[in-house]
Amino acid sequence: MTQPRILVTGATGKVGGAVVTQLHAAGVPVRALVRGEADFPEGVQAVRGDLGDPASLETALEGVDSVFLVWPFLSAEGASDVIDAIGKHARRLVYLSSAGVGSEEEKPGEAITMFHTELEQLIEGSGLEWTALRPTGFASNTLGWAKEVRTTGAVRAPLARLARPLIHEADIAAVAVQALTTDALLGACPLITGLELITQERQVALISEAIGRPVRFEEVTLDEAIEQMKAAGYPAELVEAVLPAQAEMLDNPEPVNDEVERITGTPARSFREWAVDHAADFR
Ligand SMILES: NC(=O)c1ccc[n+]([C@@H]2O[C@H](COP(=O)([O-])OP(=O)(O)OC[C@H]3O[C@@H](n4cnc5c(N)ncnc54)[C@H](OP(=O)(O)O)[C@@H]3O)[C@@H](O)[C@H]2O)c1
């Protein structure tokens, strides 16, 4: 019997890239949705398509059984057409959502949580088999510090004492692989977290340890950080949603659970492991 083919969107990104790698390593036929040139292991089929143009997805969706969907936009506009296009071909959709959805801390009006909530509702009503993964903040967000670590040996950021259970993209991918290749997570929205709460100051110390060079944490105010991120080209709606939400987490930290281990059989990777895996980006 031939194995079902899985289409991975966001395949050149952090989580989608890890999903492609892990499915391929497990011998599952995998197709990667791309917008431009991209390097994948031999045997991974790259097919062009743009999530902003549902008609462009037809070729990529042909003969596909399941889809891993990473939504790259900051609103749900156009999502309904993309989900309809997927539903014409595939049986199952696994969506990369966010821990903000359904959490007690969910803030009405918070842009990122809002679009993930809307996509989850569309997917749930689509008639497809579905799973929505709700990860906490990604360890890979700290790659935003990589350039200043390389060039100045310092990280200028707000909220030194903010502790978060940042999650390794490989752990999100491992849960996604379970959702795509078994029936264990059908109709589930698992909240998946990193191993433990680690302060931002400690994250920088662990990056320093991983690269074998000193790295200072220079705390800046929230307002300075907002201006700094906008000047670096981050969209205003992203910066204004993310940083104030992080400030609130100081007194109200995100939960930590062992869902990664329960679902995959292996404990979540630590931030120290993540820093070692990504040391080259900071050197
Ligand atoms: N960062 C966090 O802490 C966090 C936490 C929870 C949930 N999330 C969610 O995770 C998702 C981002 O995942 P990620 O960090 O793995 O992504 P990422 O590394 O930023 O990569 C984005 C991917 O989307 C692709 N893409 C961009 N625009 C596209 C388009 N128009 N059509 C098709 N593909 C397109 C990119 O491909 P190209 O190479 O063509 O650009 C790339 O493969 C977002 O939905 C975010 O809200 C993030």
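This is a predicted model: local features need pLDDT of at least 70, side-chain atom pairs count only at pLDDT 80 or more; totals for chains, interfaces and linings use all residues.
Me: What should I know before reading the values?

Reply: Local features need pLDDT of at least 70, side-chain atom pairs count only at pLDDT 80 or more, and totals for chains, interfaces and linings use all residues. Residues are numbered from 1 along each chain as its sequence is written, and side-chain values use heavy atoms, without hydrogens and water.

Me: How many residues surround the ligand, and which are the closest?

Reply: A residue is near a molecule if one of its heavy atoms lies within 4 Å of it. Here 23 residues surround the ligand. The closest are Thr12, Arg35, Asp50, Trp71 and Asn141.

Me: Which helices supply at least two residues of the shell?

Reply: Helices are DSSP runs (H or I, at least four residues), numbered from the N terminus. Here they are α1 (14–25) and α4 (111–124).

Me: Which backbone atoms lie by the ligand's oxygen atoms?

Reply: Look for N or O pairs within 3.5 Å. A backbone N or O atom of Gly13 lies 3.0 Å from a ligand oxygen. For Lys14 the distance is 2.9 Å. For Val15 it is 2.8 Å. The ligand alone exposes 940 Å², of which the protein buries 76% (Shrake-Rupley, 1.4 Å probe).

Me: Which residues of α1 are buried?

Reply: An α-helix has 3.6 residues a turn, so residues three or four places apart point the same way. Buried means under 20% relative accessible area (1.4 Å probe, protein chains only). In α1 that holds for Val15, Gly16, Gly17, Ala18, Val19, Val20 and Leu23.

Terms used. A polar contact is a pair of N or O atoms within 3.5 Å; within protein, one must be able to donate a hydrogen and the other to accept it, and residues adjacent in sequence count only if both atoms are side-chain atoms. Buried means under 20% relative accessible area, exposed over 50%, partly exposed in between (1.4 Å probe, protein chains only).
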